[in-house]
Amino acid sequence: MDRTATDRFDTGRFEASRSRLASLAYRMLGSAADAEDAVQDAFLQWQAADRQRIRVPEAWLTKVVTNLCLDRLRSAQARRERAVGAWLPEPLLDGDPMLGPADTFEQRESVSLAVLMLMERLSPVERAVYLLREAFSHSHAEIAEILDVSESASQQHLHRARRRVAAARRRGGEADPAAARRIVEEFLTAASSGRTERLVAMLTDDATAVSDGAGGLAKTLLRYDTPRRIAAVVRAGLKPTPAKRRFVGGSPAVHFAFVNGAPALLFVVDGQVIGAATFDIEGGRIATVRGIGAPARLVRLADAWRRQEPDTPLIVHW
């Protein structure tokens with residue numbers, strides 16, 4: 001096989017792993033853009049490597065991507081960007097290949113916005129061990145090889161990570177998609193009509209809400225932790241005014257969608273997603289609301305939305 005043919009063959013071997021590597025990097029970093037950068041850096045390392053000496057390309061590439069993500073998480077820049085109170089994961093529209101694998105509950109949960117935010121409570125190594133084990137089913141022997149630690153250290157990291165995630169995780173489980181849609185549609189109807197008491201009743205007693213502000217302009221995340229305060233903020237946010245329409249560039253349509261496995265509302269102007277609200281459902285009520293408006297956090301979701309045929313909006317002109 002000549003050099004050109006060899007390069008094509010080796011590029012094909014890399015491309016066969018690209019989706020899996022991107023899914024791992026996204027779970028590690030909570031950012032599709034950063035995940036794509038990590039995978040591209042891994043490709044450059046793959047091209048520069050003596051590939052004839054790499055016995056198991058998938059394992060070699062998993063190790064490279066994992067360590068590129070760890071380097072990113074440990075960097076001073078990342079610590080500033082991910083400062084407590086200022087960071088939200090990048091949401092992805094369901095069906096995005098970066099959300100795979102999604103065969104088991106653990107795999108689906110690991111890519112939920114709730115768990116991606118919980119990952120911030122873990123050290124970078126704990127995060128890597130947790131995801132490699134829970135989402136990608138690697139053995140402790142394989143994880144030890146990827147991270148250059150002992151198997152016992154891998155087991156200890158997993159134990160600590162599971163304990164910390166379990167302590168902070170809500171117990172809602174997976175909501176039935178049809179039921180979740182009905183709840184969110186009713187929530188939108190109540191908010192649009194000004195029925196604040198109905199909004200309060202639809203929230204769990206310990207409900208929380210977080211937002212990066214209108215247009216994602218808040219320097220720190222806005223947090224609300226009582227049902228009545230959340231209802232008031234949602235009602236105020238969904239009350240249309242000429243000033244708000246000028247700010248967002250028009251009168252948005254409001255669509256229902258699933259984002260990272262959770263029900264969501266997308267606000268769309270001329271085919272462009274300009275905001276998203278996602279909901280965690282627990283016991284038939286809403287436990288968490290996340291508002292995302294920063295354009296940089298919506299790039300990939302907006303691209304995916306433009307490529308699909310949208311369904312009938314819940315609100316045609318807000």
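**Exercise 1. In what order do the strands of the open sheet of 6 strands lie, and what is their pairing?**

Solution. The model is predicted: local features need pLDDT of at least 70, side-chain atom pairs count only at pLDDT 80 or more, and totals for chains, interfaces and linings use all residues. Residues are numbered from 1 along each chain as its sequence is written, and side-chain values use heavy atoms, with hydrogens and water left out.

Step 1. The order is β2-β1-β6-β5-β4-β3, and the pairing is mixed. Strands here are DSSP runs of E with at least two residues, helices are runs of H or I with at least four, and both are numbered from the N terminus. Two strands pair if DSSP finds at least two bridges between them.

Step 2. β2 (222–224) and β3 each pair on one side only, which makes them the edge strands.

Step 3. On average, neighbouring strands of this sheet are turned by 20 degrees against each other, direction ignored. Axes are lines fitted to C-alpha atoms, for helices over the stretch in contact, and angles run from 0 to 180 degrees between N-to-C directions.

Step 4. β5 and strand β6 (residues 285–292) run antiparallel and are joined by 7 bridges. Asp280 has Thr288 in β6 as its bridge partner.

**Exercise 2. Find the helices that lie across strands of the sheet, and describe what covers α14**.

Step 1. Helix α12 (residues 227–237) lies across β1 (203–211) and β2, at about 45 degrees to β1.

Step 2. α14 lies across β3, β4 and β5, and runs at about 100 degrees to β5.

Step 3. In helix α14 (residues 299–307), the buried residues are Arg300, Leu301, Ala302, Ala304 and Trp305. Buried means under 20% relative accessible area, exposed over 50%, and partly exposed in between (1.4 Å probe, protein chains only).

Step 4. The cover over these buried residues includes α2 (32–48), β3 (253–259), β4 (262–269) and β5 (272–282). Contact means heavy atoms within 4.5 Å.

**Exercise 3. Describe the packing of α3 and α7**.

Step 1. Helix α3 (residues 57–74) packs on helix α7 (residues 124–134) at an angle of about 145 degrees, and the axes are 10 Å apart.

Step 2. From α3, Thr62, Thr66, Leu70, Leu73 and Arg74 take part; they meet Pro124, Val125, Arg127, Ala128 and Leu132 of α7.

Step 3. The residues of this contact comprise 6 nonpolar, 2 polar and 2 charged. In this scheme Ala, Val, Leu, Ile, Met, Phe, Trp, Tyr, Cys and Pro count as nonpolar, Asp, Glu, Lys and Arg as charged, and the others, Gly among them, as polar.

**Exercise 4. How many salt bridges does the structure hold?**

Step 1. There are 18 salt bridges, each a side-chain nitrogen of Lys or Arg within 4 Å of a carboxyl oxygen of Asp or Glu.

Step 2. One of them joins the side chains of Arg160 and Glu126 (3.2 Å, N to O). Arg160 belongs to helix α9 (residues 151–168) and Glu126 to helix α7, so the pair ties together parts 34 residues apart in sequence. Arg160 counts as partly exposed because its relative accessibility is 26%, whereas Glu126, at 4%, counts as buried.

Step 3. Asp212 and Arg297 also form a salt bridge through their side chains (2.8 Å, N to O). Asp212 is in the loop between β1 and β2 and Arg297 in the loop between β6 and α14, 85 residues apart. Asp212 is buried at 1% relative accessibility, and Arg297 is buried with a relative accessible area of 17%.
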